[in-house]
Amino acid sequence: MRLEQYEAAIKEKKNEMIKLGMTKGLQNEETIYCSQELDKLLNDYNRFLLDNKHSKSLNPYVDLYSILKKHVHRILSIPYKYFTT
C-alpha cells in the first residue's frame with residue numbers, strides 16, 4: 001500500500017467509525033470492531049512511515065489522533081436522549 005492509499009483508508013474507516021458510534025453507540029459490537037480495524041490501519045500506516053523514513057514522520061498520525069479524539073469527545077458529550085429516539 002502507498003502513503004496516499006493508507007491515508008484514504010484511514011479517513012474512510014474513521015468516518016465509518018464515527019457514523020457507527022453516532023447511530024449504534026460506542027459500546028456496540030460493530031463500532032468496537034470498526035475501531036479495532038482503524039487501530040490496525042493506524043499501526044500499519046505508522047510502521048510504513050517509520051520503515052520508509054518518510055519526511056512527514058509521525059505528524060499525520062498525531063494529527064489524526066487529535067481529530068479522532070475530538071470526535072469521540074463530541075460523541076460522548078451528546079446527551080443520551082438523542083440516541084434513544
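**Salt bridges and the nonpolar core**

Lys-40 and Asp-44 are joined through their side chains by a salt bridge, with 2.8 Å from N to O. A salt bridge here is a side-chain nitrogen of Lys or Arg within 4 Å of a carboxyl oxygen of Asp or Glu. The model is predicted, so local features need pLDDT of at least 70 and side-chain atom pairs count only at pLDDT 80 or more, while totals for chains, interfaces and linings use all residues. Residues are numbered from 1 along each chain as its sequence is written, and side-chain values use heavy atoms, with hydrogens and water left out.

Both Lys-40 and Asp-44 belong to helix H2 (residues 29-52), where they are 4 residues apart, about one turn of the helix. Helices (H or I, at least four residues) are DSSP runs, numbered from the N terminus. Buried means under 20% relative accessible area, exposed means over 50%, and partly exposed lies in between (1.4 Å probe, protein chains only). A network is also present: Lys-13, Glu-16 and Glu-37 are linked by salt bridges that share partners.

In total, the structure holds 6 salt bridges. One of them pairs Arg-2 with Glu-4, whose closest N and O atoms are 3.5 Å apart. Arg-2 is exposed, with a relative accessibility of 54%, and Glu-4 is partly exposed at 46%. Another salt bridge brings together the side chains of Lys-24 and Glu-30, at 2.6 Å from N to O. Lys-24 is partly exposed, at 41% relative accessibility, and Glu-30 is also partly exposed, with a relative accessible area of 42%.

The next topic is the nonpolar core. A nonpolar core is a set of buried Ala, Val, Leu, Ile, Met, Phe, Trp, Tyr and Cys residues joined through side-chain atoms within 4.5 Å. The largest one has 12 residues in all: Leu-3, Tyr-6, Ile-10, Met-17, Leu-20, Cys-34, Leu-38, Leu-41, Leu-42, Tyr-45, Leu-49 and Leu-68. Helix H1 (3-24) and helix H2 each supply at least two residues of this core. The most comes from H2, which gives 6 residues.

Leu-38 is one of the core residues. Leaving aside residues up to four places away in sequence, Leu-38 touches Ile-10, Lys-13, Lys-14, Met-17 and Leu-68. Contact means heavy atoms within 4.5 Å.
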